[in-house]
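Dear colleague,

Here is the structure I promised to pass on. My notes follow below it.

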Amino acid sequence: MSAPRGFPSGKTAIVGAATFGIGKCPGISPVDMAARASLLALADAGIALSEVDAIYTSAPYEALGGLELAEYLGLTPKVTDCNRTGGSAFEVYVQQAALALEAGLIDCALIAYGANPASNPPPTVGMTRQSSWEAPYRPLAPLSSYALAASHHMHVYGTTREQLAEVAVAARRWAQLNPEAAVRDPLTIADVLGARMVSDPLTVRDCCLYNDGAAAVVMVRADRARDCPRRPVKVLGGAHAVTHREISSMPDLGVTGAAISGPAAFAQAGIGPGDIDVVMVYDAFTITPILFLEDLGFCPKGEGGRFVAGGAIAPGGRLAVNTNGGGLSCVHPGMYGLFLLVEAVRQLRGEAGERQVQGAELALAHGNGGVLSSEATVVLARG
Amino acid sequence: MLQPEAEWRAHLAEGRFMLQRSRSTGGYVFYPRVAEPLTGAEDLEWVEASGRGTVAAVTVVRKKDPADSYNVVLVDLAEGPRMMSRVDDIGVDEVKIGMAVSARIIAERDQPLLVFVPA
């Protein structure tokens, strides 16, 4: 056995995974959705609800969401978390659950999330406030922050709007292979370029969906995982980095915290980017996969735009990226990170149907929160 | 007791764009805080900013009526810190990264606001 490298690599596994209500899910509440997804994931794992002794959730509009979901499910968890690292929360939860499982603090972790902003308009008073140092300049939150990072990337590295559009088109082509994806009609580079400009250089087609969806995964120690009905997916690495809250405080507009979390997670796993078969990176906007592919080491810094060109991350391309259709074309209810993990699990189990990456053995899920503020990377392996 | 944001806004209302600077490290701080980031130095004093800066990033928020569209920029101040702002006195599509700009205090919605104009 190799040294632990600060993380219990391979000692825990995801044994259940599910989505629920992707697209439109009217008539119920976010916690109803999270509970539905939780029960589906537990059924998938062959584990009873009563065995769950840790809850990790990030409710969309309820600061005390961990308490809410524990109550709803009738559980008395030993560990309850409702962290506020935005869309990266769920990759952070995998890291934290792995540590708590390995320590023997808990035996069965449930990570769950649900939100339906497309069916139920979110409360007008959210849980985040706009910075008083930015609000007077009226940036669109969070879109303009990503647009500023994109403008910087285009200026410094020569990235083009066509290359940004490639990310949206690749996501759509994967979505067309995924019956669960919410938006599957054809999309071309010209469509993206010709779409309504919202905050230069990003058009409405450079932006993720804002629809309904829920997801859940179940984690146990690797020894227990062998008794579960599905092929386990081992957690090889999990690392996190926070660099700022607001875009004006990002240390380097061209380099995200993924340049910290990625190498750390790979070191824990004892592998590198070249070993990964399926790459799931948070695509809130078309610039984000470009930044993350660079920072995670799939291509050199500044080459992300050229790397994705020519359909290179679309079906049949050189690297399988965001095979569910991503936040751009499958689902994005506000915090997308858990859906990255579910798709990685499905690919590693060989359950991805028409979009299956043949022989997928290693996958990466990279979550992003805030405005390129919180970056969390998880490395997974077919068990 | 230092009141970082209130004091900064009071200076702005009197027509001064101030930054904090640590006496011990010499580092400039913006936005105003009780201590310098990373060093934790609490020996911060107010110093007048040069007002010189460079556009580091730009976006234009597009409105239905193009006349209502406006730019949002990140400006690297000559002293080091970066801030969000807007560049006035220039066409909405004319703001470029690398452009030299200088600070100006204007009134907007009855509040003093720090913007920049081409240098």
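How many helices and strands are there in chain A? Chain A has 12 helices and 12 strands. Please keep in mind that this is a predicted model.

First, the overall form of chain A. Its C-alpha trace spans about 50 × 45 × 40 Å along the principal axes. The radius of gyration is 19 Å, which agrees with a compact globule, because 383 residues packed that way would give a value near 21 Å. Of these 383 residues, 60% count as buried.

Next, the interface. Here 20 residues of chain A are in contact with 19 residues of chain B. On the chain A side, the elements giving two or more residues are α4 (143-157) and β5 (197-199). The most comes from α4(A), with six residues. By type, the chain A side divides into 10 nonpolar, seven polar and three charged residues.

Last, a strand in chain B. Strand β4 (residues 52-61) of chain B is mostly covered, with eight of its 10 residues buried. β4(B) has antiparallel pairings with two strands. With β5 (residues 70-77) of chain B, the pairing runs over eight bridges, and B:G53 stands opposite B:L77 there.

Best wishes

Methods
Residues numbered from 1 in each chain as written. Chains lettered and ligands numbered in written order. Predicted model: local features only at pLDDT ≥ 70, side-chain atom pairs only at ≥ 80, totals over all residues. Contact = placed C-beta atoms within 7 Å. Helix = DSSP H or I, 4+ residues; strand = E, 2+ residues; numbered from the N terminus. Nonpolar A, V, L, I, M, F, W, Y, C, P; charged D, E, K, R; others polar. Rg over C-alpha atoms; globule rule 2.2 N^0.38 Å. Buried ≥ 20, exposed ≤ 12 C-beta atoms within 10 Å, placed from the backbone. Pairing = 2+ DSSP bridges.
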